[in-house]
Amino acid sequence: MNNKITKKRLGQLLSYDFWAIIALIVAGVVVWSLLFTMFGDSLSEGQKMNVYAYNVNINENEVYDLLKTYDENPYFSYEIRESSFYNFGGYSSSNTIVSQQFTAWSSVGQLDLLFISSDKTIKSGTDAFGEVVYESLASRFAYSFYDLDAMITDALDYCKTYGGYSDDGTVTSWAAESFFRERKKHDNFYRHGLIKPEQEVDRFRLIWKTAKKMQALRQNEEIDIWYVEEVAEPQDTNGEYSFTTKTYGIDLGKLGALGGNTETGKKPFELCTVGKTDANGNSVADGAVLAAFNNRKYQPDLVYESLAFILEVIETYSDL
């Protein structure tokens, strides 16, 4: 039987079955892509620490130093495998692209932390006397931020519920390892066994340690480094509102007033400013804040890494 492949026969095959061959190639690529997506070691949004800046002067080198992943950064757990930084640039009332990006990214839990201006420079309307009312860019986006006190409480409760922690911080069971094995069933990232249960124990230990440190800072009445907003909340169905004060992050200007980190010499204005100077012409961080987004809906096990980043900024740029 003569089944030798020749140029003539190959040409005939291509001439008759060209589109079938192309269709098979395309189908093969699609199937391979689907298999890779379903069974590959793709990272979730929670395993990426995404930091953003909007309408501030940000030192990207300082941000990237803060964003070193878990094998270089004692603040993050093994879960943080990638990090990124994106600058939205300066605010413009005519620029609708930023608000569209902001809405789209926050709707999928892609935004973790945001450096943003808290200066009230944006016209938001007029009052009953016809006077122009100004608001800050930070307050405009505050609806997406995670109340810091709630975040701390949620982090501690998370450790108690899934990590086996008691109120005094002792670990009373093997809950962390059991929880890890349960998570492992539903996430391809862990299936090869490269991540060990001991690392999950360390992750809970970091969350607890971070939350307790932040709790101590919040309870110390002598320390005021917080970014606070007065938020209007519906009181009843008749349209009545009550105003609640919430803490959404840290005020870098207040942190800078403490004098910086005496060991490293680092000060908050080296990280982020809005272009202000003090009476002596020195740069200050007044008007810049750092807030975290409430991503519990999208990444309930990984949202507390943002709390670790906030603590890292506090300890890097102050002696607290």
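Trainee: Let's take A291, then: is A291 buried or exposed?
Mentor: A291 is buried, because its relative accessible area is 0%, where buried means under 20% relative accessible area, exposed over 50% and partly exposed in between, with a 1.4 Å probe and protein chains only. Before we go on, note that this is a predicted model, in which local features need pLDDT of at least 70 and side-chain atom pairs count only at pLDDT 80 or more, while totals for chains, interfaces and linings use all residues. Residues are numbered from 1 along each chain as its sequence is written, and side-chain values use heavy atoms, with hydrogens and water left out.

Trainee: Which strand is A291 found in, and what is A291 in contact with?
Mentor: A291 lies in strand β10, residues 288–292; helices (H or I, at least four residues) and strands (E, at least two) are DSSP runs, numbered from the N terminus. Leaving aside neighbours within four places in sequence, A291 is in contact with D112, L113, L114, F145, Y248 and G249, contact meaning heavy atoms within 4.5 Å. The C-alpha atoms of A291 and G249 are separated by 4.4 Å, although these residues are 42 apart along the chain.

Trainee: And L67, where is that one found?
Mentor: L67 sits in the loop between α2 (60–66) and β3 (82–87), and L67 is buried, with a relative accessible area of 2%. Leaving aside neighbours within four places in sequence, its contacts are M49, V51, F76, S83, S84, F85 and F309.

Trainee: Zooming out, how many residues does the largest nonpolar core have?
Mentor: The largest nonpolar core has 53 residues, and F115, M214, F309 and V313 are those with the most contacts inside it. A nonpolar core here is a set of buried Ala, Val, Leu, Ile, Met, Phe, Trp, Tyr and Cys residues joined through side-chain atoms within 4.5 Å. V313 touches L66, I250, L252, L255, L271 and L290, not counting residues up to four places away in sequence. A second, separate core of 21 residues includes Y227, V231, V289 and F293.

Trainee: Switching to helices, at what angle do α7 and α9 pack?
Mentor: Helix α7 (residues 197–219) and helix α9 (residues 305–316) pack at about 55 degrees, with their axes 10 Å apart; axes are lines fitted to C-alpha atoms, for helices over the stretch in contact, and angles run from 0 to 180 degrees between N-to-C directions. That makes α7 oblique to α9, because angles under 35 degrees count as roughly parallel, over 145 as roughly antiparallel, 65 to 115 as roughly perpendicular and the rest as oblique.

Trainee: Which residues make that contact?
Mentor: From α7 come T210, A211, K213, M214 and L217, and from α9 come L307, A308, I310, L311, I314 and E315.

Trainee: What about α5 and α9, at roughly what angle do they cross?
Mentor: The axes of helix α5 (residues 148–162) and α9 cross at roughly 120 degrees and come within 10 Å, and α5 and α9 are therefore oblique to each other. In this contact L148, M151, I152 and A155 of α5 meet S306, L307 and I310 of α9.

Trainee: Last one: how many helices and strands does the chain come to?
Mentor: The secondary structure comes to nine helices and ten strands, and 39% of the 320 residues count as buried.
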